[in-house]
Amino acid sequence: MRAKLSYTVSAVVLVFYFVLVGERGVLLIADGRPVTVAFGVAVLVLPLIGAWFLWHTTQFARHAGRLGRELEAEGGLPVDELVRTPSGRVDRASADAVFEKRKAETEAAPDDWRNWFRLAVAYFDARDTPRARKAMQRAIALHDGRPVR
């Protein structure tokens, strides 16, 4: 719940920032001089890119959450078998061992979105966020019946 609240607050702050930047871009364009119009257009591009990124990130989080809830209802969420340090951080060797297990499960049944979801969690636990995101995107695509890239 705390993560959801943090994400929502960050998203609201970003949208507020996009509106402020967009307003400045419009003011620059309204000035009418070629240089300020060029700067105004360039300034307007930034909030558009930011809004696009925020939208896609939000959609990704919603889809991943939906898959997590569905897997939880099936009783298929991965069991936390990771060894942690006294500070609570995941032990790297433990994360690597769990990752190898999840990788083997995924290789055995590569068309099962559940395995890709669990592999994404293992990647995340092993601190490999880019691969965790790719594995989760594959799980979402397989679940939704879309072609996998």
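1. Helices here are DSSP runs of H or I, at least four residues long, numbered from the N terminus. The model is a predicted one. On that numbering, Arg-127 sits in the loop that links α4 to α5, the latter covering 129-144. The phi angle of Arg-127 is near 65°, a positive value in a residue that is not glycine. Arg-127 counts as partly exposed, because its relative accessibility is 42%.

2. On the overall fold: the protein contains five helices and zero strands. In sequence order the pattern reads α-α-α-α-α. The radius of gyration is 21 Å, well over the 15 Å that the globule rule gives for 149 residues, so the protein is more spread out than a compact globule. Taken along the principal axes, the box filled by the C-alpha atoms is roughly 65 × 40 × 25 Å.

3. Of the contacts between residues at least 6 apart in sequence, 48% join residues at least 24 apart.

4. Helix α2 spans residues 34-74, and Thr-36 belongs to this helix. Thr-36 counts as buried, because its relative accessibility is 12% and the cut-off for buried is under 20%. With residues up to four places away in sequence not counted, Thr-36 touches Leu-28, Ile-29 and Asp-31. Between the C-alpha atoms of Thr-36 and Glu-72 there are 54 Å in space, for a separation of 36 residues in sequence.

5. How do α2 and α4 pack, and at what angle? Helix α4 comprises residues 113-125, and the axes of α2 and α4 are 11 Å apart at an angle of about 110°. Angles of 65 to 115 degrees count as roughly perpendicular, and α2 and α4 are therefore roughly perpendicular to each other. The crossing in which α2 passes α4 is left-handed. From α2, the contact is made by Ala-64, Leu-67, Gly-68, Glu-70, Leu-71 and Glu-74; from α4, by Trp-113, Arg-114, Phe-117 and Arg-118. By class, the residues of this contact of α2 with α4 are five nonpolar, one polar and four charged.

6. The axes of α3 and α4 come within 9 Å and cross at roughly 160°. That angle makes α3 roughly antiparallel to α4, since the class covers angles over 145 degrees. The crossing of α3 and α4 is left-handed. On the α3 side, the residues are Ala-95, Phe-99, Arg-102, Lys-103, Glu-105 and Thr-106; they meet Asn-115, Trp-116, Arg-118, Leu-119, Ala-122, Tyr-123 and Asp-125 in α4. The contact of α3 with α4 divides into six nonpolar, two polar and five charged residues.

7. Arg-118 of α4 deserves a remark. Arg-118 is listed in the contact of α2 with α4, and Arg-118 is also listed in the contact of α3 with α4.

8. Which residues does Val-83 contact, leaving aside its neighbours within four places in sequence? Val-83 is in the loop between α2 and α3, where α3 is 92-108. The contacts of Val-83, with those neighbours left aside, are Arg-89, Val-90, Asp-91 and Ser-94. Val-83 and Ser-94 are 11 residues apart along the chain, and their C-alpha atoms are separated by 5.7 Å. With a relative accessible area of 48%, Val-83 is partly exposed.

Definitions and conventions
Residues numbered from 1 in each chain as written. Predicted model: local features only at pLDDT ≥ 70, side-chain atom pairs only at ≥ 80, totals over all residues. Heavy atoms only, no water. Axes fitted to C-alpha atoms, helices over the stretch in contact; angles between N-to-C directions. Helix = DSSP H or I, 4+ residues; strand = E, 2+ residues; numbered from the N terminus. Parallel < 35°, antiparallel > 145°, perpendicular 65-115°, else oblique. Left-handed = near helix turned anticlockwise from the far one by under 90°. Contact = heavy atoms within 4.5 Å. Nonpolar A, V, L, I, M, F, W, Y, C, P; charged D, E, K, R; others polar. Rg over C-alpha atoms; globule rule 2.2 N^0.38 Å. Buried < 20%, exposed > 50% of the residue type's maximum accessible area, 1.4 Å probe, protein only.
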